Amino acid sequence: MAGGMASASNSAGIYKGRAGLLILPSWLVIGFFLLLPVCMMLIYSFLTKEFRGGVIWEFSLAAYDQFFFNRGLFGDEPPKIEWTYITIFWRSLWQAGLATAFCLVIGFPTAWFIATRVPRHRTVWLLLITIPYWVNLLIRTVSMKFLIRDTGPLNEFLLWLGMIGEPIHLINTNLAVQLGLFYSYLPFMVLPIYASAERYNFALSEAAADLYAGRWTILRLIILPAVKPGIIAGSILVFVPSLGAFLAPDLLGGAKTFMIGSLIEEQFKGNAGNWPFGAAVSMILLSIVMTVLIFYARNQTRREAL
Amino acid sequence: MLQRTQDTTVAVDIDRVTKNYGAFTALSGVSLDIRDNEFFTLLGPSGCGKTTLLRSIAGFEEISDGAIRLYGDDIAGLPPHQRPVNTVFQQYALFPHMTVAQNVMFGLLRLRKSDSEAQTRCAEVLELVQLSPFAQRYPNQLSGGQQQRVALARALAPKPKLLLLDEPLSALDLKLRQAVRVELKQIQKETGITFIFVTHDQEEALTMSDRIAVMSAGEVQQVGTPRDVYEAPRNRFVADFIGETNLLDVSVTSVADGQALCVLPGGREIICPAAAVVDPGPGHLSVRPERMTLTAPADALLSGRVENHVYLGTDMQVMVRLEDNEVLTLRVQNSDAVSVPDIGTQVGIALEAGAARLLAD
């Protein structure tokens, strides 16, 4: 006992003054891969654009001005609100929210189903859910394009069944983008909910049934609160990448389904881009996401403080 | 002992209940009458079917055959939430995201009681289990004993016709367990609700129950008051499971009027009470360790050599090897007045009157 305590105080002595050194790797990683890129983006968003891509080191608010205001073709008219980009943002938020909702509606029962299998089978089900995601997202999205096009297998199958008279036009619609987002991010909803559901104590359901609760009441009052952390984590994991997604909208959607991800991507692609504008759009997107997350975090701590 | 007029209205009529899991029979034709206002215990080792029976009454298990009647109504087909029966679970199963008060009111609100009515009743039962100051706490802020009392309060709140308790004390430490036993019995008397209590702990069963059903291998072995099952065990299983006992191989000469004439190992004869009908021939005699005394070897019913003693604090346990190589265990009170013979000493054993009992096998 005495030896143990002595060595404990010794080890405290060894690390004294070196705590900063030991934490350095974490700071380097955070600094290089998180803070530095965000700072660069922030700075670039306030610079002047170079026409062939890149920036001129001269302070300018032009990027943000372009996002929010319309000053006419030559920039000499009185400013009006520019709706183009706000519409794109609104559409993206809507699409991402919808994708999150769909993922939740399908993902929760799926996760619950897996969590209620015998442990031996759970692994198999989880593997089946994740295997498709070993394939690159681009390839999966392109494959979906082939699946859902007018002469693709989906339409041919439905035609063969006689359920439809002529092919359903899916490509370049919001529905196609939605389908792409849903398929891209479904496991990110299933896995966290599964992690919560797996820890669920089924005696709680029995206790609730014993206390006169029917199945829906048990789901609403006992099961959902128990797996809520998984639902929230899953929703964030689906919502955030859906908001910035560009593969699904680019490949499956058309001009009418343009989303923020594609808008940003375009600004940095080839010579036609506008780096400060792309950086500004990214910053605005980041602020929206951060606002949502901070709101959630504060909600969570308030709940825990109770 | 307090005189108590036993109400003989049947609260729960368990009628030839059978439960099969595939080829395994968890309950085979169990029949029991549990009386109104009774503290009834299902006692048995793990796997004996006691928990299956409790869960069948609660509605968590569907019985394969038979009927369960609650005050005359067959409830075997009803889902758990339609049975006027509440359960105290082994690990309590308190809702972790609800306060103590919300847990207790859960059942009341499901029964569509008004908020004010639920709150009044909640305060009442929390008072009963002495947890009023903890109403706004969450379960993880309570000790094990307090959680156990919340589980009890939650189950009592809707005033069930029948309260089921599934080994509710097994997660508590010994001291607390002993205190809760007394409290639980008290609460049962105060509320007048019929309790069915499941346990594998014979001491718990003996101290709290009005009647005990001893179960083994999916069957009821014996039903009776604690005194009945301890002092007049029907068969070897009951004698062995409840308390400690010595099983002596004897040869039964004759049985008449509940009395049997048996030949003990060593050749002496004894007349003792017999459980039920026993045929003449080889049989088993149960003798409790505390109901035998050591005597001089000369004239004793049984004799042998002291093989070992074990110091138990209040008692000394003395093992005596009889001439036919059977080992008997005796309990001798640890006192200066009694001297325990040394190991190897030849001793005689005397039985108290009525201490031995012939068992049905």
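Trainee: How many bridges join strand β3 of chain B to β8(B)?

Mentor: Bear in mind that this is a predicted model. Strand β3 covers residues 39-43 of chain B and runs parallel to β8(B). Within β8(B), Ile196(B) sits opposite Phe40(B). The number of bridges joining β3 and β8(B) is 5.

Trainee: Which residue in β8(B) is the bridge partner of Leu163(B)?

Mentor: Strand β7, residues 162-166 of chain B, also pairs with β8(B), in the parallel sense and over 5 bridges. Leu163(B) has its bridge partner in β8(B), and that is Phe195(B).

Trainee: Through which helix does the chain cross from β7(B) to β8(B)?

Mentor: The path is a β-α-β crossover, and it's right-handed. The helix spans residues 174-191 of chain B and goes by the name α5.

Trainee: How many residues does the largest nonpolar core have?

Mentor: Nonpolar side chains tend to be buried together in soluble globular proteins. Here, the residues with the most contacts inside the largest core include Ile222(A), Leu53(B) and Ile196(B). Leu53(B), for its part, touches Ile14(B), Leu42(B) and Met215(B), among others. The size of this largest core is 73 residues.

Trainee: What ties Asp201(B) to Arg181(B), and how many residues apart are they in sequence?

Mentor: Their side chains meet in a salt bridge, 3.9 Å from N to O. Arg181(B) is buried, with a relative accessible area of 7%. Asp201(B) lies in the loop between β8 and α6 of chain B while Arg181(B) is in helix α5, so the pair ties together parts whose separation in sequence is 20 residues.

Trainee: Which residue forms a salt bridge with Arg71(A)?

Mentor: The closest N and O atoms of this pair are 2.6 Å apart.

Trainee: Which element of chain A has the lowest mean pLDDT?

Mentor: Chain A as a whole has a mean pLDDT of 85, with 91% of its residues at 70 or more. Helix α9 has the highest mean among its elements, at 93. The lowest, at 50, belongs to helix α1.

Conventions:
Residues numbered from 1 in each chain as written. Chains lettered and ligands numbered in written order. Predicted model: local features only at pLDDT ≥ 70, side-chain atom pairs only at ≥ 80, totals over all residues. Heavy atoms only, no water. Core = buried A, V, L, I, M, F, W, Y, C linked by side-chain atoms within 4.5 Å. Buried < 20%, exposed > 50% of the residue type's maximum accessible area, 1.4 Å probe, protein only. Contact = heavy atoms within 4.5 Å. Pairing = 2+ DSSP bridges. Helix = DSSP H or I, 4+ residues; strand = E, 2+ residues; numbered from the N terminus. Right-handed = clockwise from strand over helix to strand, strands pointing away. pLDDT = per-residue confidence, 0-100. Salt bridge = Lys/Arg side-chain N within 4 Å of Asp/Glu carboxyl O. Lists of a residue's contacts leave out its neighbours within four places in sequence.
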